[in-house]
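Welcome! Here is a short briefing to read alongside the sequence and the 3D view.

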Amino acid sequence: MYHKSENTGKQYRDILAAFMPLCLFAAMMCVTAGMSAQEKEDIGTETVNVIKPYKASIPDAFKVREDPVLEDSVLLQKKEINYSIFSVPVASTFVPEKGKAAVVEKRKREMLYNSYVSLGLGNYSTALLDFYTSREISRDQSFDIGLNHHSSLAQLDETELDTKFFDTHLKASYNNAGRFYRWGINAGFHHQIYNWYGLPEQAGFDLPVIRSIDERLTYYTASVGGQLEAVEESVFTGGEVSYKRFWDAESSGENRLVFKPSFEFPISDEQSVTTHITADYVGGEFRHEYYSGEKMKYGSLLLGINPNFVLGGDDYTINLGASVFYGMDIENSDNDVYIYPRIDASYRLVEEYVTVYGGVKGGLDQNSYHDLAQENLFVAPSLGITPTDRQYDAFLGMKGKLSSTVGYNVKASYRAENNKPLYLANPVISGTADNEGYMYGNSFGVVYDDVTTFSAFGELHADISRGLTLGVNAEVSGYDTDEQEEAWNLPVVRGSFFGDYQIGEHWSAGANMFFVGKRKDLYTHMGAGTTPLTSEIVDLDSYFDINLRLGYRFNDQVSLFAKANNIANNRYTRWMNYQVQGFQVLGGVTFKFDM
């Protein structure tokens, strides 16, 4: 059986369409011929069998040659040309100079070690130890340990009481750089031994009384804390928390807990409001008050919030904010609200050469036994502790560059503070058999007063060369007190100079000089009662201290150092009756290594 495919049927339709007009014409001719034939004769019928269907084909088209053959009588024939170059030598005296590549000073790559230790010894039986190590636990985790020790066991000739000191600080921390947060925890312990050796000459103590004084004072500090920082953008940006326990050998103790989280609230694609929150608690007790012998307790909690909004452009920056504190005196049940401005701005007048800035800030500052004792080691364990109300601190200044290597900064400020702590020498108490070792006019107390301060400050900083850096600054201040006769122990003039010089690859040198102007203190001698027998203002002379250091590095691991302090051998008094050590020399070695 014969089956027609779909393509075959299509071919048939195409053939029929092509021959349809011819068929119609043939049919008409046949009809005409038939009609004529019928008249003549019958030709009969005939059967036609189609054995193969018609298959159309397209023959190849005539292709035009790419380069036709031209037959033209005027066509020019190409001629072959042969030529040669005639060289003539020319004399020349020009000799090109060979180029030289610029020489770039290559610094030898310094080896990095995860640990180092420094040991030093000097006159006045001084010993110095500094140790640090950092261990990587993993790619994102590290553990650090540091130990610092400084001591002197020598006796000053100018005083009968013991003058040696001992100061050791141990610190440890763990840090973790996570995917979403960077965080760490730290802990430390600080042990200090000093002496209340500053007896006033005006008191005229005889030798038996001096030998009966127990002048030793001892401080202990234990601390633990942590910090957290957000890696990715979020409302909570980070914060820190710390706890510190401070106590002494006189049965005094203090606790302080500080919590400071920070937040950022976006208000547009480019601007946001940054907010810092503060919770600061300090509380403790002293065994007895300086005069009465009664136990002293104190406690203060400060809760604060500080929102800030920054506006900026190519040449200016404005920081708008405020601080609101709620202060609670826990022992006296006295609470109050404090509001302070926090506004500062800067404007660049001449590129990097002149920038003016100014602002007004304020705040409620927490005072503590620990902070006061670290600023003045010879305070008595019978201090009044209360916060300082820094109402405002207005300042206006200008900074920039005098040249490509010299920078400057000048500033004038006016500050108003309520309950500012002032160190004042404690009175000599005579006629009492059970005096403590700090009750002979050889310790300091704290008095609070409302103080306004005007100051002018200026500094210059110069990077003379790659290895030489110099700097100098000075500040002049004026004070106005409300109740106290003077701004006790606050200098009118301060100044300092520093310099660092890297001498080649192995040697280095540095200098540090500072000047402190005159201050005033009060000498008071009291009997068994509370009425002073003697009271006089004492002028403390200004002093100038010069310190130099020199170092030599053998290699990446071993180096030597030498220090000379108080080169002028100035036996000045930083605090009334407390004379410092004279000319001091200390030398030692530093060794770096891997653990």
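Strand β21 (residues 519-526) runs antiparallel to β22, with eight bridges between the two. This is a predicted model, in which local features need pLDDT of at least 70, side-chain atom pairs count only at pLDDT 80 or more, and totals for chains, interfaces and linings use all residues. Residues are numbered from 1 along each chain as its sequence is written, and side-chain values use heavy atoms, leaving out hydrogens and water.

- The order β16-β21-β22 makes up an open sheet of three strands with mixed pairing (strands are DSSP E runs of at least two residues, helices H or I runs of at least four, numbered from the N terminus; two strands pair if DSSP finds at least two bridges between them).
- At the edges sit β16 and β22, each pairing on one side only.
- Across from Y523 you will find E536 in β22.

**The nonpolar cores**

- The largest nonpolar core has 45 residues, and Y219, Y369, F378, V379, L383 and F444 touch the most other members (a core joins buried Ala, Val, Leu, Ile, Met, Phe, Trp, Tyr and Cys residues through side-chain atoms within 4.5 Å; buried means under 20% relative accessible area, exposed over 50%, partly exposed in between, with a 1.4 Å probe and protein chains only).
- Elements giving two or more residues to this core include β6 (216-230), α3 (369-375) and β17 (444-463).
- Another core, of five residues, lies apart from it, with L422, L424, V451 and W488 among them.

**A look at S368**

- S368 lies in the loop between β13 (354-365) and α3.
- S368 counts as buried because its relative accessibility is 1%.
- The S368 side chain reaches the backbone nitrogen of D371 at 3.2 Å.

Definitions and conventions
A polar contact is a pair of N or O atoms within 3.5 Å; within protein, one must be able to donate a hydrogen and the other to accept it, and residues adjacent in sequence count only if both atoms are side-chain atoms.
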